[in-house]
Amino acid sequence: MQTGNLLLLLVVMVAGAYFVGLRRSYALARPLGGIRHLHSLPFYFAMRSAMWCAIPALVVLGLWLAFDDSIIRQQVLAGLPAELQPTDASSYNLTLSKIQNVASGALPANFVEAPIAAAAENLQALRQTSAMALTVVIIVLCMFGGAWAWLKVSPQLRARQQVERVLQTLFMLCATVAILTTVGIVLSVLFESIRFFGKVPVTDFLFGLQWSPQTALRADQVASGGAFGAVPLFMGTMLISAIALLVAVPVGLMSAIYLAEYASNRVRTVAKPALEVLAGVPTVVYGFFAALTVAPFIRGMGESIGLDVASESALAAGLVMGIMIIPFVSSLADDVITAVPQAMRDGSLGLGATKSETIKKVIFPAALPGIMGGILLAASRAIGETMIVVMAAGLAANLTANPLEAVTTITVQIVTLLTGDQEFDSAKTLAAFALGLMLFITTLVMNIFALHIVKKYREQYD
Amino acid sequence: MSETTEKVRKTLARRYRAEKRFKAFGIGSIGIGLMALVLLFTDIIGKGHSAFFEYEVQLPITFDAEVLDVSDPRDEDELNYGNYQGVIRDALAERFPTVEGRQDTRALNQLVSTGAGYALRDMLREDPSLLGETRTLWLLADDDVDLFLKASEKQREDSRLNTKQQQWVAELEASGETRMVFNQSLFSYGDSREPEQAGILGAILGSLFTMIVTLVLSFPVGVAAAIYLEEFAPKNKFTDFIEVNINNLAAVPSIIFGLLGLAVIIGLFGLPRSVPLVGGIVLTLMTLPTIIISSRAAIKAVPPSIRQAAMGLGASKMQVVLHHVLPLALPGMLTGAIIGMAQALGETAPLLMIGMVAFIVDLPAGPLDAATVLPVQIYLWADSPEQSFEALASAAIMVLLAFLITMNTLAVVLRKRLERRW
C-alpha cells in the first residue's frame with residue numbers, strides 16, 4: 001500500500017479510536033450518574049485512546065520509512081555474485097542506479113547482465129514485501145494501541161493529566177527542532193569537510209593562493225590536479241562586503257539619525273516603511289538589477305573616462321548589496337539611538353550644544369557599542385549573501401583589491417560547485433562543504449560577538 | 001560681555017553651518033535610499049512591461065490535407081504527426097511570392113514561432129471540418145520579430161533580424177498584418193527554450209506547492225515551540241540552549257540551509273532532488289526561527305490577567321494555554337507566519353543547492369513532481385543569453401513582487417483588524 005493511503009487509513013483508524021473512547025467513557029459514566037463522576041472529561045478519554053492508537057504507529061512508520069530503503073539496498077547488493085560486488089563508492093552508486101533503473105522499467109532487463117536483472121527483480125520483490133509488512137504492522141499497532149486504551153478506561157483514570165503530558169512533550173519536541181537543525185548543519189558540513197581535508201591538507205586550503213577546482217575525471221587524464229587555495233575567495237568576499245558596508249553604513253546610519261532626531265512625524269511615517277521595502281525585496285531581484293542594469297552602467301561609465309572595467313566588477317555587486325543592507329543597518333541603529341535616554345540629550349542641549357553636536361558628541365558615543373554590533377550583523381549578512389554575487393560577480397578567482405576587476409566569493413563558489421550533476425564524494429563537491437563550514441563559523445562568530453556587544457550595551461541604561 | 005561669550009559668538013556661524021550640513025547629510029542619505037528603491041522599480045517595470053504583450057502575424061492558412069499529411073483529423077496519431085510547419089511555410093511563401101532561394105526562404109520561415117504549429121493542431125482537433133479550408137489566422141510571431149516590433153526606431157538597428165527579414169516585418173506592420181495581444185502563454189505554460197512560448201505557470205505552481213509544504217510544517221511546529229518556550233519551559237540550561245540556537249539560526253546565511261538539505265534530506269534520507277517537498281522542508285527550517293520569534297511576541301502580548309482568571313476558575317495550565325492564550329495570540333502569530341512565508345517565497349539560494357534549478361517544461365502536479373520556483377525561474381532567465389528572456393525575467397519579477405506586496409499588505413491589514421490592544 002502507498003504511504004499516502006496508509007496515512008489516510010491511519011487517520012480513519014485514529015478517528016475511530018477517538019469515537020470508541022468517547023462512547024466508552026459515556027457508557028462508564030451512565031451507571032455512576034453522569035460524567036461528573038469521571039476523573040476527566042470524556043474528551044480526554046477519547047483523546048487518550050486516539051493517542052494510544054496514533055503514536056506507536058506513527059513512530060514505527062517514521063522509523064520504517066527512514067531506514068527500509070537503505071536496508072533493502074544492502075540486501076540486494078549483498079545478493080550479487082562476487083565479481084559484480086562494488087569495490088568503491090563510485091561503482092557502488094553505478095551498480096545501484098543500474099539496478100534501480102531496471103527495477104523502475106527505465107532500462108530494459110535484457111540490456112544488463114543477468115545477475116543485475118535478477119537483483120532488480122529482487123529489489124522489486126523486497127520493496128513489495130516491505131510495503132505489505134508495513135501495512136500489516138501499522139494496522140496491528142493501531143488496533144493494539146486502541147484496544148489497550150479501551151481496556152484501561154476506568155472512572156478513576158487520570159486521562160487529562162496523561163493527555164496533557166503527551167501534548168507538553170510534543171511541544172518540547174517541536175522546540176528542539178531548532179537544536180536538531182543546528183546539529184544537522186554542523187554535522188553535515190563538518191563530516192564532508194573532514195573528508196575534504198583528508199584529500200586536501202587544511203593548510204593548503206586556508207593559505208593557498210590558487211583556486212581552480214577542476215580535477216581530473218579519470219585517473220589517466222591529463223589535467224590540472226585541482227588547486228584548492230581559498231585565499232582568493234576570502235579576499236573576494238571581503239572586498240565585496242567592504243564595498244557594501246561602505247555604502248550601507250554611512251547611508252543607513254545617517255538615515256537612522258535623521259529619522260530619529262530630526263524628522264517630523266509625517267516624514268517618519270512615510271520614509272521609514274519605504275526604506276523597509278528595500279529589505280523585503282527578494283535578493284534575486286537585486287541580483288537581476290546588479291547584473292543587467294548596474295554592472296553595464298558602471299562599465300559604460302568607466303569606458304567613458306578611459307577605465308577598463310570588468311563586466312562583472314566587484315563594484316556593481318558591492319553597490320547593490322550595500323543598497324540591500326541599508327534598511328538592516330538603519331533599523332538596528334534606530335533601535336540603539338532611541339534607546340539612549342532623553343536625559344542625556346536634554347543635558348547636552350541645555351549646555352548650549354547644537355543638535356548635531358549633541359548627536360556627534362553625546363548620543364553617538366553612547367550608542368556606539370550598539371551601532372558596532374549592528375554593523376557586525378550587517379557584515380555577516382553581506383558575507384553570507386548569495387544571489388547578488390552569483391548573478392553579478394564573476395567566477396574567476398582573482399587575488400586583487402581592485403573593485404573594478406571581477407572577483408569571486410565563497411557563496412558563488414559553493415553554488416557553482418554544487419549545481420548541476422556531480423558525484424557526491426569528489427574533492428570538488430566536498431570543497432563546497434568546506435567553504436560552507438568556513439562561512440558558517442565566520443557568520444556564527446560574528447553574530448555571537450555582535451549580540452554580545454548589543455546585550456552588554458543595553459544593560460547600561462535599563 | 002565676558003570672554004567666553006565672545007568666543008562662542010565668533011564660532012556660532014560656523015557651528016550653525018555644521019548643523020545645516022549634518023542635517024543635509026541625513027536628508028541626502030534618506031534620498032539615496034528612496035532613490036535606489038525608485039530606480040529599482042522603474043528599471044524592472046521598464047524592462048518587464050513589454051513581456052506582458054506579444055505580437056502576432058496575420059496569415060491566410062490553408063489546412064491542406066496533402067501538405068499536412070492528415071487524412072482524418074479525428075485520428076489522434078495522425079493529428080500529432082501532422083506537418084503544420086509546412087502549412088505555415090506555404091502561407092508565408094504565398095504572402096511573399098518574390099522570395100526565392102534556400103537561405104531567404106529559411107529566413108522567411110523564421111518569422112513565425114515554432115509554437116504556432118501546435119496552435120494549428122489544437123484548432124484542427126477542436127474543429128475537424130477545418131481540413132481543406134482556408135482561414136485568415138493570427139499566428140504567434142518569433143521572439144526576434146516580437147522584439148523588433150516592440151523596439152523603437154533607433155533600437156531596431158541592432159535587431160537580430162537580417163535586413164531582408166526586417167523589410168518583410170516592416171511590410172507586414174505597415175499593412176496592419178501584425179497586432180499586439182495580451183501574452184497568454186506567460187500565464188499558461190511552463191519554461192521553454194523559445195522565449196515566446198515560455199511561461200511562469202510552472203514556476204508559480206512550484207512555488208505554490210513549496211509554500212504549502214512550508215506552511216503546513218512550519219506554522220504548527222513554530223507555534224508549538226513558541227508555546228513551550230513561553231508557557232512551559234523551566235528556566236534551566238536546556239531552555240537557554242534552545243533559545244541561543246533559535247537566535248543563531250535566524251542569522252545563519254540561507255545557503256547553509258541548502259547545504260543541510262543536500263547533505264541530510266537528499267543524501268541521508270534519500271528524498272528525490274528538485275521536488276517542492278524537499279524545498280518546503282528546507283525553507284521550513286529556515287523560516288522556523290522567524291515564526292517562533294514572532295509567535296512568542298504574540299503570546300507575550302496576552303495579559304497575565306487572562307491566565308489568572310482562567311486558572312482561578314480551575315482550568316489546568318494546558319487548558320489555559322489552549323483555550324485562552326492561543327486564540328488571543330493567534331492573529332499575531334498569523335501575521336508573523338505570513339511575513340515568514342513572504343520571506344520564504346523570495347528565497348533562492350538554498351533551492352539552488354537542492355537541484356530546483358533544472359530546466360522543467362511540464363507543469364508540476366504535486367509536491368513530489370520535479371519543479372522550479374518563481375525566484376529560481378527569474379535567476380535562470382536572467383542568466384539566459386537570449387535578449388527576450390530579460391523581459392520575461394522582469395515580468396516574472398513583477399509577478400513575484402505583486403505576490404509579496406499582497407502578502408505583506410495582508411499581514412498589515414490582519415494586524416490592524418484582529419490585533420487587540422489591552
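Helix α5 of chain A and helix α12 (residues 254–268) of chain B pack with their axes 9 Å apart, at an angle of about 70°. An angle of 65 to 115 degrees counts as roughly perpendicular, so α5(A) and α12(B) are roughly perpendicular to each other. On the chain A side, the contact is made by G184(A), I185(A), S188(A), V189(A) and E192(A) of α5(A). The partners on α12(B) are I256(B), L259(B), L260(B), A263(B) and V264(B). By residue class, this contact of α5(A) with α12(B) divides into seven nonpolar, two polar and one charged. The model is a predicted one.

The interface as a whole brings 69 residues of chain A into contact with 66 residues of chain B. Helix α5 (residues 159–199) of chain A supplies 20 residues, the largest share of the side of chain A that touches chain B. That side of chain A consists of 44 nonpolar, 20 polar and five charged residues.

The overall dimensions of the two chains are as follows.

| Chain | Secondary structure | C-alpha span along principal axes |
|---|---|---|
| Chain A | 15 helices, two strands | about 85 × 80 × 35 Å |
| Chain B | 18 helices, three strands | about 95 × 75 × 40 Å |

Chain B has 18 helices and three strands, and its radius of gyration is 31 Å, well over the 22 Å that the globule rule gives for 422 residues, so chain B is more spread out than a compact globule. For chain A the radius of gyration is 32 Å, whereas a compact globule of 462 residues would have a value near 23 Å.

Helix α2 (residues 42–78) of chain A packs against helix α4 (residues 114–152) of chain A at an angle of about 165°, and their axes are 9 Å apart. Angles over 145 degrees count as roughly antiparallel, and α2(A) and α4(A) are therefore roughly antiparallel to each other. Their crossing is right-handed. The residues of the contact of α2(A) with α4(A) comprise 20 nonpolar, six polar and three charged.

In the second pair, helix α10 (residues 314–339) of chain A and helix α12 (residues 355–384) of chain A cross at roughly 145°, and their axes come within 9 Å. The crossing of α10(A) and α12(A) is also right-handed. From α10(A), the residues making the contact include M321(A), I325(A), F328(A) and V329(A). From α12(A), they include G370(A), I371(A), G374(A) and R381(A). The contact of α10(A) with α12(A) divides into 15 nonpolar residues, two polar and one charged.

The remaining points concern annotated spans of chain B. An unreviewed UniProt entry places the feature "domain: ABC transmembrane type-1" at residues 204–411 of chain B. Over residues 204–411 of chain B, the chain is 76% helix and 0% strand, and the end C-alpha atoms are 21 Å apart. Under "transmembrane region", the unreviewed UniProt entry lists residues 21–41, 200–229, 249–271, 277–299, 320–345 and 391–414 of chain B. One of these, residues 249–271 of chain B, is 70% helix and 0% strand, with end C-alpha atoms 23 Å apart. Residues 391–414 of chain B are 100% helix and 0% strand, and the end C-alpha atoms of that span are 34 Å apart.

Technical notes:
Residues numbered from 1 in each chain as written. Chains lettered and ligands numbered in written order. Predicted model: local features only at pLDDT ≥ 70, side-chain atom pairs only at ≥ 80, totals over all residues. UniProt positions renumbered as here; feature names shortened; annotations may be inferred. Helix = DSSP H or I, 4+ residues; strand = E, 2+ residues; numbered from the N terminus. Axes fitted to C-alpha atoms, helices over the stretch in contact; angles between N-to-C directions. Parallel < 35°, antiparallel > 145°, perpendicular 65-115°, else oblique. Left-handed = near helix turned anticlockwise from the far one by under 90°. Nonpolar A, V, L, I, M, F, W, Y, C, P; charged D, E, K, R; others polar. Contact = placed C-beta atoms within 7 Å. Rg over C-alpha atoms; globule rule 2.2 N^0.38 Å.
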